[in-house]
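Subject: Structure handover

Hello,

Here is the structure we talked about. Please open it alongside this note; the findings follow below.

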Amino acid sequence: MSVVENFDKRKIDARLAAGFPFTERLHNRFHLEMPFGLINDPNGLSYHNGWHIFYQWNPFGCTHKNKTWAHTKTRDFCTYTVPQIALWPSDAHDKDGCYSGCGTEEDGRLRILYTCNAKDAAGNRSSAQRFGTYTKAAGAVKKENIIIDGPPPGFTAHFRDPYLFTRDGVRYLIIGAQTVEERGCVLVYRETEDGWECRGELKTQLKDFGYMWECPNLLSFGDYDVLLFCPQGVPARAYDRQNLYQSGYIAGHASMDAMEMLMHGRFKELDHGFDFYAPQVMTHEGRHILIGWMGMPDREDDYPTRADGWMHSLTLPRVLTLRQGHIFSEPVRELKALRHRETERALEMARKSAYETELFDLTELLLDIEMGDVYTVAVELVYGAEKLVFRYHRLEQVMTIDRKGMRSGGRGTRSFKLYVDHTLSLRLYIDHSAVEAFFQYGEEAATIALFPQEDVHPTLRVFTDVDVIRLTGAMWELEPFRYEST
């Protein structure tokens with residue numbers, strides 16, 4: 001069977017439409033995911049008469065093969081079009097996968113730029129970059145010419161994930177790359193009348209920082225620039241870089257003349273959870289909105305839904321702000337429309353060391369714990385005999401996320417530094433198999449996939465070593481995402 005015949009858009013779209021809304025217990029209800037197959041990197045995020053969200057998807061199984069782009073659109077991040085397949089392997093350039101890329105509005109059209117992946121009979125990879133145009137009528141991307149046919153000399157075919165940006169009226173793209181010495185970096189291309197010119201490596205102060213950099217994004221926050229990227233092969237440390245692969249950023253000044261990130265700070269992670277990778281950012285009307293992949297490459301055994309024929313989600317959309325060289329992230333304000341207003345409940349406790357309440361099936365939770373003399377705080381989400389624990393040690397200024405108490409899926413712990421003076425603030429979004437946590441009003445974030453064996457509503461329990469001055473907060477039952485036909 002030919003490459004084209006493998007991907008029958010009509011049949012795949014019909015099967016997708018039949019899979020919504022979800023009925024399986026572990027399917028998330030307010031996170032984007034698919035009824036079958038494996039999803040990973042968000043791609044082509046852009047605004048064009050609404051928000052367009054593309055993402056990597058294998059419609060034929062839970063392996064990292066047959067990479068296509070799925071597509072959905074939303075105007076409010078609460079109601080989405082039923083996803084459809086929009087880009088798939090169809091020729092010699094991308095026969096082994098339509099890999100990651102970006103999207104942009106150009107001359108009234110929604111344009112995408114992606115990496116074509118192909119391998120020869122010996123398994124040798126070739127990578128090329130190609131534009132295309134998405135049309136609503138076709139529900140698909142019309143492919144155009146290759147603009148960059150392979151990496152420049154001195155770099156391997158691990159050359160992918162282009163991201164477009166404009167500086168001083170000139171259009172550029174950055175792309176993740178690997179030198180022949182197997183050192184990760186980012187390359188810069190500039191658009192000219194004669195095509196795309198390679199300007200070389202965007203230099204940084206990071207030396208031998210992993211063997212490959214994936215998914216770069218370059219953002220401007222006023223006078224500052226932030227380079228987001230995903231280094232692979234960076235050693236773990238006590239309080240950061242604890243996942244197999246990392247997602248983070250450096251903040252400084254990106255000079256296209258010097259080809260360097262000037263005066264940048266240290267590499268910082270965007271998320272301290274177990275399940276966050278390959279984020280992409282779209283910018284519209286002054287907001288930088290990030291969506292990440294809730295998953296981790298090469299850790300398939302951490303996701304037991306593979307046995308049911310589906311894997312992974314996308315994170316909630318988050319607005320990024322930069323304060324003193326540090327990125328804060330909080331869920332987009334539009335998500336407040338998911339709240340059942342009549343279910344709002346105030347949470348309050350004073351001069352006690354233990355608190356407990358049952359949560360909703362789908363919950364948004366805000367907690368502020370005025371600690372006083374407290375030095376240890378444990379916030380637990382209990383699922384019958386299983387639990388997820390957030391444990392804060394005030395003297396060490398360390399937050400630990402512990403999912404060893406879960407029976408299925410990934411387990412272990414993650415620890416990171418978190419300075420809290422008087423009040424520990426925590427915001428949680430709790431879905432069927434996903435928890436997203438935001439600490440100190442977005443100073444840090446953590447994404448956690450978990451797979452409770454029991455079909456129960458979670459219970460919130462809070463324990464402290466001595467009485468708190470006060471615990472206050474609120475909780476809401478959340479609506480599931482709504483899906484509409486295109």
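Domain bounds here come from an automatic or database domain assignment. On that basis the protein splits into domain 1 (9-333) and domain 2 (344-484).

Two points on the source. This is a predicted model, so local features need pLDDT of at least 70 and side-chain atom pairs count only at pLDDT 80 or more, while totals for chains, interfaces and linings use all residues. Residues are numbered from 1 along each chain as its sequence is written, and side-chain values use heavy atoms, with hydrogens and water left out.

**Annotations**

UniProt positions follow the numbering used here; feature names are shortened, and annotations may be inferred rather than shown by experiment. An unreviewed UniProt entry lists "domain: Glycosyl hydrolase family 32 N-terminal" at residues 31-331. That span is 0% helix and 56% strand, with its end C-alpha atoms 12 Å apart. Helices (H or I, at least four residues) and strands (E, at least two) are DSSP runs, numbered from the N terminus. UniProt, again in an unreviewed entry, gives "domain: Glycosyl hydrolase family 32 C-terminal" for residues 367-456. Residues 367-456 are 0% helix and 56% strand, and their end C-alpha atoms lie 22 Å apart.

**The domain interface**

The centres of domain 1 and domain 2, taken over C-alpha atoms, are 30 Å apart. Contact means heavy atoms within 4.5 Å. By that test, 42 residues of domain 1 meet 47 residues of domain 2. The two domains bury about 4100 Å² between them, 58% of it on carbon and sulfur atoms. Buried area is the accessible area (1.4 Å probe) that two parts lose on being put together, summed over both.

There are 3 salt bridges between domain 1 and domain 2. A salt bridge is a side-chain nitrogen of Lys or Arg within 4 Å of a carboxyl oxygen of Asp or Glu. Arg-427 pairs with Glu-330 in a salt bridge, with the closest N and O atoms 4.0 Å apart. On the domain 1 side that touches domain 2, strand E4 (79-81) and strand E24 (326-331) are the elements that give two or more residues. E24 gives the most, with 6 residues.

**Local features**

Most residues other than glycine have a negative phi, and most peptide bonds are trans. Two places to check:

- The Phe-20 to Pro-21 peptide bond is cis, with omega near -5°. Pro-21 sits in the loop between helix H2 (9-18) and strand E1 (37-47).
- Asp-161 has a positive phi, near 70°. Asp-161 belongs to strand E10 (residues 160-167).

Then there is Ala-157, in the loop between strand E9 (140-148) and E10. Not counting residues up to four places away in sequence, Ala-157 touches Arg-125, Ser-126, Ser-127 and Pro-151. Its C-alpha atom is 9.3 Å from that of Thr-179, 22 residues apart along the chain.

Best wishes
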